[in-house]
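Hello,

Here is the structure I promised to pass on. My notes follow below it.

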Amino acid sequence: MSDVEIGRAKRARRVYAFDDIAIVPNRRTRDPQDVSVNWSIDAYQFSIPILAAPMDSVVSPATAILMGKLGGLGVLDLEGLWTRYENPEPLFEEIRSLPSGEATRRMQAIYAEPIKPELVKTRLEEIRAAGVTVAGALSPQRTQELYQTVVEAGVDLFVIRGTTVSAEHVSKSQEPLNLKKFIYELDVPVIVGGAAGYTPALHLMRTGAAGVLVGFGGGAASTTRAALGIHAPMATAVADVAGARRDYMDESGGRYVHVIADGGLGTSGDIAKAFSVGADAVMLGSALARATDAPGGGWHWGAEAHHDQLPRGNRVEVGSIAPLEEIIYGPSTVADGTVNLVGALRRSMATTGYSDLKEFQRVEVVVAPYPPFAGRR
């Protein structure tokens, strides 16, 4: 990939977002009903390759259960309102009604309430009692403090999710999380991220992670790009991490680490493109926050929105357009790629002649930039 000269002292690699690429049909087509979108990680089987992001506006215990029954995986934020308050519903209502100029400050105060380990246990047990796969997420900073509680509550998949997570965090003030030692000693598969490129992803794979989340500052509610000047266009990021997966398989003698695109996936077209450049699954935030039964009630926010020192996200209005089941499976009454996500993925695969997700990773893509937001919601 050729470099671009920024100036005499700096060159940069050209990279691509999902809007910059397009999937190309092949000589073969299929019927959409003949296409498989099954996904499995470790011993866990799913009928759709979708994880609901661990964000308060997306996943509550009830929506985690619903996601499981719909064939996907709901990941509960174990640092969210559900583990800080016995009854968080009034606080959700307050967050939804806050004037925009007051939202950040008030959310910082609301999320200053300490996390209660007994509530972590209660919420995870509630999900387990429903008979679905149980997944919870912690930031790297909270993992050492709370992971034992999480494991004892019976979590099936453990997610370590931050704005960016490295295998070599350096700190002069505290002992950093030793990811390799931690994952080795844990009895459950660990998904970790985000990672934004080949080298950091390869190092995370070497820690023993079962999956790597790909993305940095690309979500609908994120302002990381504006606050820190850091951003990873997702088409290139996913393809780079898929390259790390390939090389790690050779290095490790065949161990497969799942690549999970996380961010910048606002429409079904974005989701299809994520698989076309190498993703095994997708983690969705705003796309599922639009569900009428999502806890955000038409609003969407992440942990960055209430960071106590440097907020890097907003509470954004995404609207409520359809129940979660319809957003995933349809039928759709809109043509903008926000409803019937799985149906659209199936049709994209069928139109290009591929029968499963692994095959679809080999589909031809081209660089075809479009005007910003052309034909998009």
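Which side chain does the side chain of Arg245 make a polar contact with? The partner is the side chain of Asp280, at 2.8 Å. (A polar contact is a pair of N or O atoms within 3.5 Å; within protein, one must be able to donate a hydrogen and the other to accept it, and residues adjacent in sequence count only if both atoms are side-chain atoms.)

Some ground rules. This is a predicted model: local features need pLDDT of at least 70, side-chain atom pairs count only at pLDDT 80 or more, and totals for chains, interfaces and linings use all residues. Residues are numbered from 1 along each chain as its sequence is written, and side-chain values use heavy atoms, with hydrogens and water left out.

Back to Arg245. Helix α9 (residues 234–252) holds it. (Helices are DSSP runs of H or I, at least four residues; strands are runs of E, at least two; both are numbered from the N terminus.) Arg245 counts as buried because its relative accessibility is 8%. (Buried means under 20% relative accessible area, exposed over 50%, partly exposed in between, with a 1.4 Å probe and protein chains only.) Beyond neighbours within four places in sequence, its contacts (heavy atoms within 4.5 Å) include Met205, Tyr256 and Gln361.

Next, strand β10 (residues 190–195). Six of its six residues are buried. Strand β9 (residues 157–161) runs parallel to β10, joined by four bridges. (Strands pair if DSSP finds at least two bridges between them.) Val159 stands opposite Ile191 there. Three bridges join β10 to β11 (residues 211–214), also parallel. In β11, Ile191 has Gly211 as its bridge partner.

Best wishes
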